[in-house]
Amino acid sequence: MKKWLGHTNSVVLSVAAAGIFILLTLFLRSMGGFQLDLTAGKQYTLSDQTITAIQGVKEDVRFIAFTVSTSQNQKLNRDVTDMLSEYAKRNSKIKVEQYDLNQEPVLAKQYGVTAASIVLVQGEKKRVIDMGSLFTQAPGGSEGAYQFTGEEKLTSGLLGLSSTRQGKVIFLTGHEEIPLSQMTELSSSLAQDNVKTEEVLLNRTGSVPKDASVLAIVGPQRDISATELKSIRAYLSGGGKLFMALGFHPNMETSWKNLDVLAADYGVKDTHAIVVDQEQTNTLGPLWTVPTFGSHAITDKLAASNLYPILSLSIALQTGEQKNWKTTPLLKSSAASYGETNIQGLLNNETQKDSKDLQGPLDLGYAVDGKDGKPKAVILGTSALLSDTEIGTAGNRDFVLNSLNYIQEHSDGLTIRPRQEQDYKMAYLTPAQAKTILIISVIGLPLLFVVIGILLWWRRRSA
């Protein structure tokens, strides 16, 4: 009798467990696209910019993926198709189609595709994204390591289908500024927003191009001439916009007369003091500052996501009451920081606070608006964050792009952009290794559980 009751209890428990499993499965299915991202940095969570772009789709869009199936790129194809599915889940007007390029050559030719690609189609408009461009070599990674940048490219393509805006950022050159050749990441990001970049040598052209949306002065090492200052003022007085990011120079106090005058036109004073911050810094030392944000459209979303830039060799700025301009602090150092005025001592690693130094917190950047409330300028006390070596760090890229979009009055560009996923490394197995894994995972482990189950059953039977 006891044995019969024991078997009955086992059957009831098994049925109950199966029932709970079925109910749990049905519940999870009823939740639709519910997902939980437990990765560091939420790398599988779509960015604010992407969500906005998806929600902004009002007309049907087709994502047509032409893939090439080989044993080497199965994982890469899955990265792409999974990403496309994430977009389609969030808007019923987005449809995903997938074809094998080798099996559908006629269809591929119709869209002008000769290699693995994603075609975005909306009415008569079309954009083609080369699938190879979605995977970049991981910086400093070993052979086979890569980063997946699919969200960034796909969102850019989606925005490009409906965007009609155009812009051009002109970068001043001729004063040892950071050249565009060292700001390729910034140029690429601006190009995805239909904003062109171009350098101008005012000593040669005599004036800022009339089609310039913004004049950018990034990290000058030499002062601009009086003639150049006159040309720049003429451009700005005609409705032009200014983006100025100052760079460190040992003799900036005596050498930057006209640059200081240009900043002063907007009520901003360059103190020529380098910020030393022992509190809001990173492992590289006190000359690297992780600033707090002022409240502004440029920074509000970044602050909400704790996405702060990392600045190096920042110059403290000041401003007073203005009648013509409204200046809003964008970046601040900590209360424990100070502005080192002894630049030569700083170069000799003698950074000790004294009575001549400025007491923190210190302003590191301003947004300047006119009386009409429209943006006129962004002036920063740092410039290295625009370079290829630093723009990918922390919130640098989002802060810079938000600043440039704000000046151009592109309100939809004040956002958080897609993150690059962590590095992946492709593992190539020999036939022997693949066979070993197959035997262990498909045969060995299931067989082990069967044996354990039989032993437990036999033990209970013998008891």
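**Figure 1. Residues 437-458 in the predicted model.** The end C-alpha atoms of residues 437-458 lie 30 Å apart. This span is 100% helix and 0% strand. The model is predicted. In UniProt, an unreviewed entry annotates residues 437-458 as "transmembrane region". For orientation, the protein chain holds 14 helices and 22 strands. Of its 463 residues, 44% are buried. Where contacts join residues at least 6 apart in sequence, 74% of them link residues at least 24 apart.

Figure 2. Strand β1 (residues 61-67) and β2 run parallel and are joined by seven bridges. Within this pair, Phe63 has Val96 of β2 as its bridge partner. In a regular strand, side chains alternate between the two faces of the sheet.

Figure 3. Helix α6 covers residues 184-192, and its buried residues are Leu186, Ser187, Ser189, Leu190 and Gln192. An α-helix has 3.6 residues a turn, so residues three or four places apart point the same way. Just after α6, Asn194 takes a positive phi of about 60°.

**Figure 4. The crossing of α6 and α13.** The axes of these two helices, α6 and α13, come within 11 Å and cross at roughly 50°. At that angle, α6 and α13 are therefore oblique to each other. The crossing in which α6 passes α13 is right-handed. On the α6 side, the contact is made by Leu186, Ser189 and Leu190. On the α13 side, Arg397, Val400, Leu401 and Leu404 take part. Leu186, Ser189 and Leu190 are also among the buried residues of α6.

**Figure 5. Helix α10 and its packing partners.** Helix α10 spans residues 257-264. Its buried residues are Asn258, Leu259, Asp260, Leu262 and Ala263. They pack against the helix α8 (226-237). They also pack against the strands β9 (214-218), β10 (242-245), β11 (268-276) and β21 (375-380).

**Figure 6. Strand β17 between its partners β14 and β20.** Strand β14 (residues 292-293) is joined to strand β17 (residues 326-332) by two bridges, and the two run antiparallel. Here Phe293 stands opposite Leu331 in β17. β17 also pairs with strand β20 (residues 363-369), in the antiparallel sense and over six bridges. In this second pair, Thr328 stands opposite Ala367 in β20.

Figure 7. The peptide bond from Gly360 to Pro361 is cis, with omega near 0°. Pro361 lies in the loop between β19 (358-359) and β20. Most residues other than glycine have a negative phi, and most peptide bonds are trans.

Figure 8. Glu176 is not a glycine, yet has a positive phi of about 60°. The loop that holds Glu176 runs between β7 and α6. Glu176 counts as exposed because its relative accessibility is 52%, and the cut-off for exposed is over 50%. Asn306, likewise not a glycine, has a positive phi of about 55°. Asn306 lies in the loop between α11 (300-304) and β15 (311-312). With a relative accessibility of 58%, Asn306 therefore counts as exposed.

How values were computed
Residues are numbered from 1 along each chain as its sequence is written. This is a predicted model: local features need pLDDT of at least 70, side-chain atom pairs count only at pLDDT 80 or more; totals for chains, interfaces and linings use all residues. Side-chain values use heavy atoms; hydrogens and water are left out. Buried means under 20% relative accessible area, exposed over 50%, partly exposed in between (1.4 Å probe, protein chains only). Helices (H or I, at least four residues) and strands (E, at least two) are DSSP runs, numbered from the N terminus. Two strands pair if DSSP finds at least two bridges between them. UniProt positions are given in the numbering used here, feature names are shortened, and annotations may be inferred rather than shown by experiment. Contact means heavy atoms within 4.5 Å. Axes are lines fitted to C-alpha atoms, for helices over the stretch in contact, and angles run from 0 to 180 degrees between N-to-C directions. Angles under 35 degrees count as roughly parallel, over 145 as roughly antiparallel, 65 to 115 as roughly perpendicular and the rest as oblique. A crossing is left-handed if the near helix is turned anticlockwise from the far one by less than a right angle, and right-handed if clockwise.
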